[in-house]
Amino acid sequence: MERTLSIIKPDAVERNLSGAILKMIQDSGLKVVAMKMIQLSTAEAEGFYAVHKERPFFRSLVDFMTSGPVVVSILEGDDAIAKYRKLMGATNPANAEEGTIRKCYALDIEKNSVHGSDAPETAAVETGYFFSALEMVG
């Protein structure tokens with residue numbers, strides 16, 4: 001069993017899409033083993049996205065991710081990282097496959113509704129950023 005982080009971003013939370021996105025996740029066979037709604041501070045968003053600090057979109061990303069609440073969760077399943085990334089669809093919703101979260105709900109390349117870990121090492125860091133072992137079930 002593998003675990004990955006999911007973030008339902010402010011654009012999707014604001015449009016009341018958390019339930020629909022969670023349904024897509026669960027219908028795909030992934031299990032939610034931890035979940036909470038939070039409001040990221042600027043420092044928390046900067047810390048989480050520190051890997052992008054030198055990129056030109058960093059400030060815009062931090063501003064967006066602190067613009068409203070997000071729903072963070074840990075998903076578990078066989079090949080969970082690849083399965084969730086496929087379900088999310090391409091970062092740019094214009095390039096996302098039909099039936100993916102981003103094709104269905106993303107507004108643009110930045111307001112693309114969801115985040116998911118891209119590798120086992122990243123998933124370990126990202127899940128630990130938001131959850132303690134006591135908050136995970138299963």
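This is a predicted model: local features need pLDDT of at least 70, side-chain atom pairs count only at pLDDT 80 or more; totals for chains, interfaces and linings use all residues.

Visitor: Why is Asp-11 called buried?

Guide: Asp-11, in helix α1 (residues 10–14), has a relative accessibility of 3%. Buried means under 20%, so Asp-11 counts as buried.

Visitor: What makes the meeting of the Asp-11 and Arg-15 side chains a salt bridge?

Guide: The N to O distance is 3.0 Å. The cut-off is 4 Å between a side-chain nitrogen of Lys or Arg and a carboxyl oxygen of Asp or Glu, so the pair qualifies as a salt bridge. Arg-15 has 32% relative accessibility and therefore counts as partly exposed.

Visitor: How do you know that Arg-3 and Glu-76 tie together parts that are apart in sequence?

Guide: Their side chains meet in a salt bridge at 2.9 Å, N to O. Arg-3 lies in strand β1 (residues 2–8) and Glu-76 in strand β3 (residues 70–77), so the pair ties together parts 73 residues apart in sequence. Glu-76 has a relative accessible area of 14% and is therefore buried, while Arg-3, at 26%, is partly exposed.

Visitor: What makes Lys-36 partly exposed?

Guide: Lys-36 has 25% relative accessibility. Lys-36 forms a salt bridge with Glu-135, the closest N and O atoms being 3.0 Å apart. Lys-36 lies in strand β2 (residues 31–38) and Glu-135 in the segment after α7, so the pair ties together parts 99 residues apart in sequence.

How values were computed. Residues are numbered from 1 along each chain as its sequence is written. Side-chain values use heavy atoms; hydrogens and water are left out. Helices (H or I, at least four residues) and strands (E, at least two) are DSSP runs, numbered from the N terminus. Buried means under 20% relative accessible area, exposed over 50%, partly exposed in between (1.4 Å probe, protein chains only).
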